[in-house]
2 protein chains.
Amino acid sequence: MPENFDAMPQRFRANFINSLSGVKAANVIGTRSEAAENLAIISSVFHVGANPPLLGMLMRPHTVVRDTLENILQSGVYTINHVGSEWVDKAHHTSARFDADVSEFAQCGLTSWYSESHAAPYVQESRVKIGLRLSQHLTLENKTVLVIGHIQEVILANNTVAEDGYVDIEALGSAAITGLDSYHSTTRLARFEYAKPDTPVAVK
Amino acid sequence: MPENFDAMPQRFRANFINSLSGVKAANVIGTRSEAAENLAIISSVFHVGANPPLLGMLMRPHTVVRDTLENILQSGVYTINHVGSEWVDKAHHTSARFDADVSEFAQCGLTSWYSESHAAPYVQESRVKIGLRLSQHLTLENKTVLVIGHIQEVILANNTVAEDGYVDIEALGSAAITGLDSYHSTTRLARFEYAKPDTPVAVK
């Protein structure tokens with residue numbers, strides 16, 4: 001039966017629709033303005049392409065991520081940092097409405113760290129750190145902004161990339177989100193071989 | 001240190017970059033042409049907005065999802081079905097290169113099902129079924145196509161929507177993906193209250 005989404009109370013609808021896309025990645029975005037560093041949790045990071053290496057994310061211009069978006073557009077650089085299962089509370093705290101000149105790093109108990117070759121701050125506690133340069137941004141029909149970044153560098157612990165290139169982000173403790181406020185760890189069910197039409201899939 | 005992604009072997013790079021966005025939702029997309037039903041696994045579904053209710057996904061036009069993309073553009077409708085943890089092997093099988101006139105439903109052991117009010121096929125086995133109408137599509141810098149759909153209806157078991165609108169998709173058994181071929185279940189760490197600047201986050 002077609003739904004009457006318009007009739008739902010706003011908060012109910014936000015919880016409901018935000019649950020429907022399924023399990024989401026928990027990432028915090030590191031940026032800086034001339035005045036302050038900024039850190040914001042985002043559950044909308046997605047793979048755009050491997051060659052060139054591109055990641056996308058969606059941002060609402062008039063919400064708590066407005067500083068992050070402005071910093072990206074001004075500076076052209078940002079970092080994506082996987083949220084570790086043991087600090088999901090600190091990551092969630094970055095979604096509070098801090099003033100623009102306040103650093104979420106200090107307020108939320110996380111540590112900013114810089115590589116030699118990237119101007120935006122990383123989260124030292126993150127085990128998967130990705131440095132990006134803004135590549136494309138465009139406004140979608142509902143006024144959200146799609147930000148696409150070109151990966152400049154990836155900082156991982158040694159021996160965490162498999163021979164075939166797979167990164168076991170579960171072993172690294174990367175957390176997941178469902179809805180607006182629920183945080184999760186993951187457990188592998190299986191890795192499968194490349195699928196072929198005439199045979200059932202084989203476990204790797 | 002900046003990476004030399006160009007120097008990576010193609011398959012290695014695909015595995016590596018596809019791992020970096022973090023945990024992804026496992027969904028299968030149901031469509032139909034005049035000749036046949038089609039079903040394709042996608043790990044790029046993401047939330048675009050709650051009002052109006054919009055979901056986005058990325059598709060590469062010249063890959064195994066070309067039939068799905070063409071069907072969406074032709075018919076204007078499609079379904080997003082959460083993959084259940086107990087049938088991730090069947091969902092992965094839909095990624096094989098079946099001929100355009102072959103239905104992945106039958107080939108992969110899944111059942112097509114139609115609601116009274118939506119023209120695209122659902123996966124009967126899926127516990128979260130979402131019917132969408134194409135709302136916007138645009139081509140990104142790397143020639144992938146961003147497809148945004150307006151949610152028309154949501155089919156869930158009774159009593160799976162909380163009072164505040166949250167859908168416990170983990171209790172419903174929705175699976176997650178990392179990289180190209182790794183499937184996962186999830187375990188809740190915590191739900192948190194709306195975050196405030198001056199106080200640590202509280203568990204719900």
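## Annotated domain

UniProt, in an unreviewed entry, places the feature "domain: Flavin reductase like" at residues 20-168 of chain A. UniProt positions follow the numbering used here, feature names are shortened, and annotations may be inferred rather than shown by experiment. The end C-alpha atoms of this span lie 26 Å apart, and the span is 15% helix and 40% strand. Helices (H or I, at least four residues) and strands (E, at least two) are DSSP runs, numbered from the N terminus.

## Basis of the model

This is a predicted model: local features need pLDDT of at least 70, side-chain atom pairs count only at pLDDT 80 or more, and totals for chains, interfaces and linings use all residues. Residues are numbered from 1 along each chain as its sequence is written, chains are lettered from A and ligands numbered from 1 in the order in which they are written, and side-chain values use heavy atoms, without hydrogens and water.

## Strand E12 of chain B

E12(B) covers residues 182-191. Seven of its ten residues are buried, so the strand is largely enclosed by the rest of the structure. Buried means under 20% relative accessible area, exposed over 50%, partly exposed in between (1.4 Å probe, protein chains only).

E12(B) runs antiparallel to E12 of chain A, joined by nine bridges. Thr187(A) has Ser185(B) as its bridge partner. Strands pair if DSSP finds at least two bridges between them.

E11(B), residues 176-178, is also antiparallel to E12(B), with three bridges. Here Ile177(B) stands opposite Tyr183(B).

## Cysteines

The structure holds zero disulfides over all chains. A disulfide is a pair of cysteine sulfur atoms within 2.5 Å. Cys108(A) is buried at 5% relative accessibility. Cys108(B) is buried at 4%.
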